[in-house]
Amino acid sequence: MNKKKPTVDIDTIVVVKWNDAQCDAEWGEIEEPELAICTTVGFLISENKKAICIGSTWAKPHANARMHIPKAWIISRRIVDIKEKVDVKD
């Protein structure tokens, strides 16, 4: 089977706020369960019905520091346009 490589839009980034599990390894009083609210920012590498993949760095055809977040855990998702011409000086 020939898998198609994802095309990454490097002119936008995604900001995802999502719930994650929390744990501790100490003895303690019983508390109400709480979730950690996380924020992840990066390039949208790929997506399917169950999850999205966000990477911090893109160098075609590779991505680094990839985070796979289940869609059921996502609280909000925002696309930010970062396309801008920037002069880089040595």
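Is cysteine 53 buried or exposed? In this predicted model, cysteine 53 is buried, with a relative accessible area of 3%.

## Cysteines

Cysteine 23 presents the other case: this residue is exposed, and its relative accessible area is 77%. Across the whole structure, a search finds 0 disulfides.

## The sheet

An open sheet is formed by 5 strands, arranged in the order β6-β3-β2-β1-β7, with antiparallel pairing. From one strand to the next, the twist averages 40°.

Strand β3 covers residues 51-55 and is joined to β6 by 4 bridges, the two running antiparallel. Within this pairing, isoleucine 52 stands opposite isoleucine 69 of β6. In general, strands of a sheet pair through backbone hydrogen bonds, in either a parallel or an antiparallel manner.

## The aromatic pair

The whole structure contains 1 aromatic pair, according to the search. Its members are tryptophan 18 and tryptophan 73, whose ring centres lie 6.3 Å apart; the planes stand at 10°, which is under 30 degrees, so the pair is stacked.

Tryptophan 18 belongs to strand β1 (residues 12-20), while tryptophan 73 lies in the loop between β6 and β7, so the pair ties together parts that are 55 residues apart in sequence. Tryptophan 18 is buried, with a relative accessible area of 5%, whereas tryptophan 73 is partly exposed, with a relative accessible area of 38%.

Methods:
Residues are numbered from 1 along each chain as its sequence is written. This is a predicted model: local features need pLDDT of at least 70, side-chain atom pairs count only at pLDDT 80 or more; totals for chains, interfaces and linings use all residues. Side-chain values use heavy atoms; hydrogens and water are left out. A disulfide is a pair of cysteine sulfur atoms within 2.5 Å. Buried means under 20% relative accessible area, exposed over 50%, partly exposed in between (1.4 Å probe, protein chains only). Two strands pair if DSSP finds at least two bridges between them. Axes are lines fitted to C-alpha atoms, for helices over the stretch in contact, and angles run from 0 to 180 degrees between N-to-C directions. Rings of Phe, Tyr and Trp (its six-membered ring) pair if their centres lie within 6.5 Å; planes under 30 degrees apart count as stacked, over 60 as edge-to-face and the rest as tilted.
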